[in-house]
Amino acid sequence: MKRLPASEVRDNFADTLNQVGFGKERIVLHRRGKDLAAIVPLEDLALLEELENRQDLKDAHAALIEAGEKGTTSLAALKKELNL
């Protein structure tokens, strides 16, 4: 993963976007040696969102079980209720 100063990214923003968008590079921006943010390809973002959604479903299912409602809601119904 590439690490670049935020000032360099600001000065060369179009090039940085091309590296990420077309070159599929992940770039971490830093300022004064401290990491601030990351720029990632859209495919990486989609993967992160899918992982978050899966974890949310697991957590929701675990909460239903803990609440004593085991077996009353299917995973498909829960996904529909959460618009997933």
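In which sense do strand S2 (residues 27-31) and strand S3 (residues 34-39) pair, and over how many bridges? The two strands pair in the antiparallel sense, over 5 bridges; pairing requires that DSSP finds at least two bridges between two strands. This is a predicted model, in which local features need pLDDT of at least 70 and side-chain atom pairs count only at pLDDT 80 or more, while totals for chains, interfaces and linings use all residues. Residues are numbered from 1 along each chain as its sequence is written, and side-chain values use heavy atoms, with hydrogens and water left out.

**Overall architecture**

- The protein contains 4 helices and 3 strands, where helices (H or I, at least four residues) and strands (E, at least two) are DSSP runs numbered from the N terminus.
- Along the sequence, these elements follow the pattern β-α-α-β-β-α-α.
- The radius of gyration of the protein is 20 Å, whereas a compact globule of 84 residues would have a value near 12 Å; the radius is taken over C-alpha atoms, and the globule rule is 2.2 Å times the number of residues to the power 0.38.
- Along the principal axes, the C-alpha atoms fill a box of roughly 55 × 25 × 15 Å.

**The S2-S3 hairpin**

- Strands S2 and S3 form a hairpin with 2 residues between them, and Arg32 in the turn has a positive phi of about 55 degrees.
- Arg31 stands opposite Lys34 in S3.
- His30 lies in strand S2 and counts as buried because its relative accessibility is 15%, buried being under 20% relative accessible area, exposed over 50% and partly exposed in between (1.4 Å probe, protein chains only).
- Leaving aside residues up to four places away in sequence, His30 touches Arg3, Leu4, Pro5, Ala6, Asp35 and Leu36; contact means heavy atoms within 4.5 Å.

**Helix H1**

- Glu8 lies in helix H1 (residues 6-11) and is partly exposed, with a relative accessible area of 36%.
- The C-alpha atoms of Glu8 and Ala37 are separated by 14 Å, and these residues are 29 apart along the chain.

**Burial, contacts and charge**

- Of the 84 residues, 18% count as buried.
- Among contacts between residues at least 6 apart in sequence, 33% join residues at least 24 apart.
- The protein has 13 positive and 15 negative side chains, and the centres of the two sets lie 3 Å apart.
- In that count, Lys and Arg are positive and Asp and Glu negative, while His and the chain ends are not counted; each charge is placed at NZ of Lys, CZ of Arg, CG of Asp or CD of Glu.
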